[in-house]
Amino acid sequence: MRRMTSAFLSLSALLTASVLAAPVAGAAPQDGGPAAVPAGWERVEGSEPARIAGSDGRDRASAAAGRSATDLSASAQDDDSGTFALKSVRNGKFTAAEKNYASPNTGVLRARSTVVTGGWEGFAFEWHEATRTYALKSLANNRYVAVERNYTGTSQNVLRARSTGTGTWERFTLYYNEGADRWALQSALNGRFVAMENSYTGSLQYVLRARSLDVTGSWEQFELYEIEG
């Protein structure tokens, strides 16, 4: 059995808008320039996520119940940044890469799992020194997570594990709030923070989307579970 320890992470073709319900007022899409660094948050780099996840002392072993070492691909972790599962603070669910969804939704990230059952909920965080950003690689399909800027409407900027390489679309900055013991995830492509769309309906309910100008609350926050060998 692998051991999981936790920290907090304050965190595509056209999708049909008809399957989505409008978010609540506090989670509405926001327009304008790149987001500023939120007050109380500090940038995280390199192997710091693994260090924090391994030192917080919380016992979260139940989150990985029934999960074996062979559930995750060891080859997906290319550096020492760490392999993690992301749990939404908003709905208490782990993020999964929907690799069996049909095009154009294939690989979309959605906070919908109650436990970590295998590679669907696992992501390797790969640090890139030159840009001081992370790329997230899904262990479900071995693809990097991209922000789909060319999608339209409320589907614009959804996160989808679909890339074989990394560029600005696939890079993210992490921020840590020591007081709240939580983290924020910001897209390098559009400067927006990743939010979980709790009020969407249908197959894209709980989809992750880079659309917030600030960390306004639990929409943009995720628990971060380190997956250890």
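This is a predicted model: local features need pLDDT of at least 70, side-chain atom pairs count only at pLDDT 80 or more; totals for chains, interfaces and linings use all residues.

Trainee: How many bridges join S6 to S7, and in which sense do these strands run?

Mentor: Strands here are DSSP runs of E with at least two residues, helices are runs of H or I with at least four, and both are numbered from the N terminus. Two strands pair if DSSP finds at least two bridges between them. In this case S6 and S7 run antiparallel and are joined by 6 bridges. Residues are numbered from 1 along each chain as its sequence is written, and side-chain values use heavy atoms, with hydrogens and water left out.

Trainee: Which residue in the turn between S6 and S7 has a positive phi?

Mentor: Most residues other than glycine have a negative phi, and most peptide bonds are trans. S6 and S7 form a hairpin with 4 residues between them, and Arg 132 in the turn has a positive phi of about 55 degrees. Arg 132 lies in the loop between strand S6 (123-128) and strand S7 (133-138). Another residue that is not a glycine, Asn 142, has a positive phi of about 60 degrees. Asn 142 is placed in the loop between S7 and strand S8 (144-148).

Trainee: Where is the cis peptide bond that involves Pro 104?

Mentor: The cis bond joins Ser 103 and Pro 104, with omega of about 10 degrees. Pro 104 has its place in the loop between strand S4 (94-98) and S5.

Trainee: Which way do the residues of S7 point?

Mentor: In a regular strand the side chains alternate between the two faces of the sheet. From S7, Thr 133, Ala 135 and Lys 137 point one way, while Tyr 134, Leu 136 and Ser 138 point the other way. S7 also pairs with S10, in the antiparallel sense, over 2 bridges. There, Ala 135 stands opposite Arg 171.

Trainee: Which residues point each way from S12?

Mentor: Phe 193 and Ala 195 point one way from strand S12 (residues 193-196), Val 194 and Met 196 point the other way, and all are buried. S12 runs antiparallel to strand S13 (residues 208-212), and 4 bridges join them. Val 194 has Ala 210 of S13 opposite.

Trainee: How many residues does the largest nonpolar core have?

Mentor: In soluble globular proteins, nonpolar side chains tend to be buried together. A nonpolar core is a set of buried Ala, Val, Leu, Ile, Met, Phe, Trp, Tyr and Cys residues joined through side-chain atoms within 4.5 Å. The largest core here has 32 residues, and Phe 125 and Leu 159 have the most contacts inside it. A second, separate core of 7 residues includes Tyr 101, Val 158, Tyr 200 and Val 207.

Trainee: Which residues do ring pairs link into a cluster?

Mentor: A pair of aromatic rings is described by the distance of the centres and the angle of the planes. Rings of Phe, Tyr and Trp (its six-membered ring) pair if their centres lie within 6.5 Å; planes under 30 degrees apart count as stacked, over 60 as edge-to-face and the rest as tilted. The structure holds 6 aromatic pairs, and ring pairs link Phe 84, Phe 125, Trp 127 and Tyr 134 into a cluster.

Trainee: With which side chain does the side chain of Arg 110 make a polar contact?

Mentor: A polar contact is a pair of N or O atoms within 3.5 Å; within protein, one must be able to donate a hydrogen and the other to accept it, and residues adjacent in sequence count only if both atoms are side-chain atoms. For the side chain of Arg 110, the partner is the side chain of Glu 98, at 3.1 Å. Arg 110 is part of strand S5 (residues 108-113), and Arg 110 counts as buried because its relative accessibility is 13%.

How values were computed:
Buried means under 20% relative accessible area, exposed over 50%, partly exposed in between (1.4 Å probe, protein chains only).
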